[in-house]
Amino acid sequence: MTVEKQPLIQVQNLSKYFQLNKKETLKAVEDVSFDIYEGETVGLVGESGCGKSTTGRCLVKLYEPTKGTVLYNGKDIFDVKSNEQNLEYCKNTQMIFQNPYSSLNPRMTVKDIVGEGIKLHEKISDKELDVKIESLLKAVGLNRDHMSRFPHEFSGGQRQRIGIARALSVNPKFIVCDEPISALDVSIQAQVLNMLKKLQKDRGLTFLFIAHDLSVVKYISDKVIVMYLGMIVEQADAVELYKNPIHPYTKALLSAIPEADPNIAKNKQRIMLNGEIPSPINPQECCRFAERCPNAKSICRESIPPLKSYGNFHKVACHMI
């Protein structure tokens with residue numbers, strides 16, 4: 001008898017609302033559910049403001065969800081009984097932030113930034129700490145000489161490497177990568193991506209990779225989740241999604257990926273979406289994409305479409321399919 005593999009992370013009906021005033025509620029994330037298995041990379045994509053980063057911050061407990069649960073190895077991360085349990089989860093789950101400059105304390109040296117988590121979770125001598133920090137910096141392409149420097153003395157790419165070293169410092173199992181390369185030069189992006197893939201292989205890491213660049217997500221992800229205005233509209237294995245997109249929003253996103261081959265680019269048809277993204281403040285109980293969808297019918301403006309399965313991991317939320 002085959003035992004079914006248990007997901008490392010299970011997100012169940014997760015919602016995160018921000019109460020702006022007595023009448024207005026910003027629904028950043030609404031009823032989001034997905035699983036992440038150990039050792040895989042799940043890409044989370046969508047336009048700016050769709051709730052990607054808010055979802056990631058809920059997973060690392062920077063935000064407490066309004067509704068829903070997040071399970072780590074089958075245990076609810078927001079139902080902890082002690083400070084020790086909370087510290088253990090924080091040790092196993094880390095985050096790489098989008099802006100490497102604002103996420104690093106300008107008053108701390110690299111040694112202090114990378115070593116802070118180690119000293120919190122381990123009893124370690126100063127000599128052992130130096131050796132461990134040097135090893136971490138080497139793993140991300142930096143060296144011992146960088147330990148005494150401050151964040152402002154580095155380039156953007158180097159600062160992001162420091163952020164990655166900090167995330168790795170406590171030997172986590174799961175890392176939320178919140179657009180880790182979007183603030184970097186294109187020439188540096190490929191280096192950081194390849195480094196993340198190597199670190200994942202060497203250390204057995206699991207990633208939630210948040211991005212808006214679909215070509216990057218295709219390169220690094222095993223599965224892809226597409227969000228629009230706080231809700232999941234499609235999810236599938238990466239190869240399947242790029243080969244057979246079903247939701248009209250996913251098709252529009254994929255059509256916007258630049259094509260390097262001029263012969264292919266000449267025949268490629270870009271799908272243009274009309275209209276503005278609706279406000280996430282007090283949204284109507286209907287398909288969030290209805291106002292911009294070329295296929296929308298009356299039912300789309302009357303109810304929220306359920307996320308239906310179309311084989312294996314492929315799920316789509318659309319009334320017209």
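This is a predicted model: local features need pLDDT of at least 70, side-chain atom pairs count only at pLDDT 80 or more; totals for chains, interfaces and linings use all residues.
Q: What does Glu30 pair with?
A: Glu30 forms a salt bridge with Arg288, at 2.3 Å from N to O. The two residues are 258 residues apart and link distant parts of the chain: Glu30 is in strand 2 (residues 25-36), and Arg288 is in the loop between helix 10 (262-267) and strand 11 (307-309). Helices (H or I, at least four residues) and strands (E, at least two) are DSSP runs, numbered from the N terminus.

Q: Is Glu30 buried or exposed? And Arg288, buried or exposed?
A: Glu30 counts as buried because its relative accessibility is 8%. Arg288 is also buried, with a relative accessible area of 6%. Buried means under 20% relative accessible area, exposed means over 50%, and partly exposed lies in between (1.4 Å probe, protein chains only).

Q: Which residues pair up around helix 4?
A: Asp130 and Lys111 form a salt bridge, their closest N and O atoms being 3.0 Å apart. That pair links helix 4, where Asp130 lies, to helix 3, where Lys111 lies, across 19 residues. Asp130 is buried at 17% relative accessible area, whereas Lys111 is partly exposed at 30%. Lys132 and Glu122 also meet in a salt bridge, at 2.6 Å from N to O. Lys132 is in helix 4 and Glu122 is in the loop between helix 3 and helix 4, so this pair ties together parts that are 10 residues apart in sequence.

Q: How do helix 3 and helix 4 cross?
A: The axes of helix 3 (residues 110-121) and helix 4 (residues 126-139) come within 10 Å and cross at roughly 110°. Helix 3 is therefore roughly perpendicular to helix 4. Axes are lines fitted to C-alpha atoms, for helices over the stretch in contact, and angles run from 0 to 180 degrees between N-to-C directions. Angles under 35 degrees count as roughly parallel, over 145 as roughly antiparallel, 65 to 115 as roughly perpendicular and the rest as oblique.

Q: And what about helix 3 with helix 5?
A: The axes of helix 3 and helix 5 (residues 156-168) come within 7 Å and cross at roughly 25°. That makes helix 3 roughly parallel to helix 5.

Q: Changing topic, where does Ile257 lie?
A: Ile257 is in the loop between helix 9 (248-255) and helix 10, and Ile257 counts as buried at 18% relative accessibility. The C-alpha atoms of Ile257 and Leu214 are separated by 6.9 Å, although these residues are 43 residues apart along the chain.

Q: Finally, where is Ile321, and how accessible is this residue?
A: Ile321 is in the segment after strand 12 (315-317). Ile321 counts as partly exposed, at 37% relative accessibility.

Key:
Residues are numbered from 1 along each chain as its sequence is written. Side-chain values use heavy atoms; hydrogens and water are left out. A salt bridge is a side-chain nitrogen of Lys or Arg within 4 Å of a carboxyl oxygen of Asp or Glu.
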